[in-house]
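I opened my notebook to record what I looked up in this protein chain. I wanted the overall plan first, then the details.

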Amino acid sequence: QVCLNNATTLASSSQVALVKETRGQQAFAQMEGIFRALQQNLMQRGKQQAEKMQSITAEGEAGLGLVRIVLRGIGEPVKVEISKEIVDDLVAVEDLVVTAQNHAFSNLMDEAFEPFKDMLPPGTRLPL
């Protein structure tokens, strides 16, 4: 009688362990599926954003608009405007071109990373 009870208990324990293992495997498989879907979603969004980058333009200015620069894509200059008012001051032109370019690039990055802001904690500034 005792041996029979022990055998039943062992069989029951094995079944419980098997059920737990099966549930664990199912949960892992579900999590793995979720992560794969998220990864595919991110890759798709990244690909779409890379394509969109080719059409994004942003403008930057310096010296109260005396120098304006337009950038496209990942920073390709498209247009540079320099006011006749400062053409004679080469040092000022050089400084304002750099400042306008940095402003344009910052605006371009803000535009490029806008679709990804919802994926980050509130207040996170992109690019990181």
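My entries follow, from the whole chain down to single residues.

**Ground rules**

I am working with a predicted model, in which local features need pLDDT of at least 70, side-chain atom pairs count only at pLDDT 80 or more, and totals for chains, interfaces and linings use all residues. Residues are numbered from 1 along each chain as its sequence is written, and side-chain values use heavy atoms, with hydrogens and water left out.

**Whole chain**

I looked up the secondary structure and found two helices and three strands. Helices (H or I, at least four residues) and strands (E, at least two) are DSSP runs, numbered from the N terminus. The order from the N terminus is α-β-β-β-α.

I then checked burial. The protein chain has 128 residues, and 20% of them count as buried. Buried means under 20% relative accessible area, exposed means over 50%, and partly exposed is in between (1.4 Å probe, protein chains only).

The accessible surface of the chain is about 9,700 Å². Carbon and sulfur atoms hold 59% of that surface. These areas come from the Shrake-Rupley method with a 1.4 Å probe; for residues, only the protein chains shown count as cover.

I also looked at contacts, meaning heavy atoms within 4.5 Å. Among contacts between residues at least 6 apart in sequence, 47% join residues at least 24 apart.

**The sheet**

How are the strands ordered? I found an open sheet of three strands, in the order E1-E2-E3, with antiparallel pairing. Strand E1 (57-62) and strand E3 (76-82) are the edge strands, since each pairs on one side only. From one strand to the next, the twist averages 15 degrees. Two strands pair if DSSP finds at least two bridges between them.

E1 is joined to strand E2 (residues 67-72) by six bridges. I traced two of the pairs. Thr57 stands opposite Arg72 in E2, and Gly60 has Ile69 in E2 as its bridge partner.

Which residues of E1 lie on its covered face? I listed Ala58, Gly60 and Ala62 there. Thr57, Glu59 and Glu61 make up the uncovered face.

**The turn between E1 and E2**

E1 and E2 form a hairpin with four residues between them. Gly63 in the turn has a positive phi of about 60 degrees. Leu64 is in the loop between E1 and E2. Leu64 also has a positive phi, about 55 degrees, although it is not a glycine. I noted that because most residues other than glycine have a negative phi. Is Leu64 buried or exposed? Leu64 counts as exposed, because its relative accessibility is 87%.

**Helix H2**

H2 covers residues 90-113. I tested its length. The expected span is 1.5 Å times one less than the number of residues. For 24 residues that should give 34 Å, and the end C-alpha atoms are 35 Å apart, which agrees.

H2 lies across E1, E2 and E3, at about 145 degrees to E1. Axes are lines fitted to C-alpha atoms, for helices over the stretch in contact, and angles run from 0 to 180 degrees between N-to-C directions. The buried residues of H2 include Ala92, Leu96, Leu108 and Met109.

Glu85 is in the loop between E3 and H2. Glu85 is exposed, because its relative accessible area is 70%.

**Salt bridges**

I counted five salt bridges. Each is a side-chain nitrogen of Lys or Arg within 4 Å of a carboxyl oxygen of Asp or Glu.

- Arg36 and Glu32 meet at 3.4 Å, N to O. Both lie in helix H1 (residues 2-53), four residues apart, about one turn of the helix.
- Arg68 pairs with Glu61, their closest N and O atoms being 2.9 Å apart. Glu59, Glu61 and Arg68 are linked in a network of salt bridges.
- Glu81 pairs with Lys79, with the closest N and O atoms 2.9 Å apart. Lys79 is partly exposed, because its relative accessible area is 44%.
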